[in-house]
Amino acid sequence: MKSNRVPRLGRDLSQVGLGCWQLGADWGDVSDEQSHKILAAAAESGTTFFDTADVYGDGRSERAVGAFVNSHPDKARFTVATKMGRRADPHVAAEYNLDNYRRWTDRSRENLGVDCLDLVQLHCPPSEVMHDPQTFDNLRTLVDEGRIAKWGVSVELVDDAMRVLGEPDLATIQIIVNVFRRKPLERVLGAADEAGVGIIARVPLASGLLSGKYDEDTTFADNDHRTYNRDGSAFDVGETFAGVPFGVGVKAAREVAALTPQGWTTSQLALAWLASLDISTMIPGARTPEQARLNSAVGDYPQLDDATMAKLAEIYNRDIREHVHARW
C-alpha cells in the first residue's frame, strides 16, 4: 500500500488506515474475536495506521488495538492515534485542563500498553478550547513529560481547523471529508499540506451511506448511532451519515453507485476519491475482515478519471451541498 509522509508527525502513514470506533461501541455488537480478525485483515492488507479514542466502548477499542499491536514483534511499523476529551462530563471547555489531560492519557497508555502514546488528538472539543493558548501549552507539557510523542486535533468545524493550524507543533488535523462533505477542500487541505500537517479524513463513507447498499427502509440496531443519533441528540449529527438527511443521502448514493468502475465496490470508489486529495490517511471503519481488506485495497488503486470526479461534484452540488456546506 502507498504511504504518505507527515513531516510534523515524523512518520509515514498508510494511505488507508482503520477507524476503530466500531471495535468499542455504537455500531452494533462486535466481539473481541471479531475485533482481532478485523485488525489482522487490515494489517495483512498493508494498513499501518489505527485510530481509536478513550471513549470508544469506555476503553474497549483502545485495549483491542493495543493487544493486537503489542502481539507483533515488528510493532514499530504501526502508528496508533487515540483521542481524549469526550470523557469530560459535562463536556465543556473548562474540563480541557492539564490535570484531566494527565488522567486521560495515563488511562490510554494503560489501555494501549505503552509508555508513550504515538499521537493524541483533542476529541472534537468546544470551539473555545481552540482559541485558548493554554490548551496548546498543556499539550506541550504532556510531550515534555513523555506521556505523548505528538499531538493533534479532531474537529467538527473548518474554522476550528484553520485556527489550530497556526500552532507550530501541531502534527495532525482529523476532520470529516468525503464525497458528501467537501468544505475542507476549500481551505483546510491545502493549508495543512503546505504546513506539513497531516490530514486524517474521518467518516470517509458517511457512516456507510457511500457503500451504496442502503435504501429508504434500511434499519440499524438500537445501539447503533445510525439509529439513535440521526437528530444529533447524542453528539454532533455530522458524525452520523456526515450530517446528510438519511433519505437524501440514500438517493444521492444511488447515483454515486452508478459511477462505480467494474470490479470495484461503491465504497472503494468513495475511498479512491479521497485518495486523490491532499490527505495523509483516511480511516474507514470495518465490521468484518472482508470489509477491512476491501478498504485497504484502495491504497493500491489508480486515480479516478476526470469525468467521474466531475460527476461526483455535480451530485454534491445539486443534492447534498445545501444540507451540510454552511453548517460545518
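Predicted model: local features only at pLDDT ≥ 70, side-chain atom pairs only at ≥ 80, totals over all residues.
The largest nonpolar core comprises 91 residues. Within this core, the residues with the most contacts are Phe50, Val153, Ile173, Phe180, Leu209 and Leu274. Helix α10 supplies the largest share of the core, namely 7 residues. Apart from this core lies another, of 9 residues, including Phe49, Ala81, Ala171 and Ile200. When residues up to four places away in sequence are left aside, Phe50 touches Leu18, Cys20, Leu39, Ala42, Val65, Phe68, Val69, Phe78, Thr79, Val80 and Ala81.

Helix α11 spans residues 289-297, and its buried residues are Pro289, Ala292, Asn295 and Ser296. Viewed down the axis of α11, these buried residues fall within an arc of 125°, so they line one face of the helix. An α-helix has 3.6 residues a turn, so residues three or four places apart point the same way. Among the elements that cover the buried residues of α11 are α1 (32-44) and α10 (266-275).

Two packed helices are described by the angle between their axes and the distance between the axes. For α3 (residues 98-112) and α5 (residues 133-144), the axes come within 10 Å and cross at roughly 40°. Angles under 35 degrees count as roughly parallel, and those from 65 to 115 as roughly perpendicular; α3 and α5 are therefore oblique to each other. The crossing of α3 with α5 is right-handed. At the contact between the two helices, Leu98, Tyr101, Arg102 and Thr105 of α3 meet Thr135, Asn138, Leu139, Thr141 and Leu142 of α5.

Methods
Residues numbered from 1 in each chain as written. Heavy atoms only, no water. Buried < 20%, exposed > 50% of the residue type's maximum accessible area, 1.4 Å probe, protein only. Helix = DSSP H or I, 4+ residues; strand = E, 2+ residues; numbered from the N terminus. Arc of directions from axis to C-beta. Contact = heavy atoms within 4.5 Å. Core = buried A, V, L, I, M, F, W, Y, C linked by side-chain atoms within 4.5 Å. Axes fitted to C-alpha atoms, helices over the stretch in contact; angles between N-to-C directions. Parallel < 35°, antiparallel > 145°, perpendicular 65-115°, else oblique. Left-handed = near helix turned anticlockwise from the far one by under 90°.
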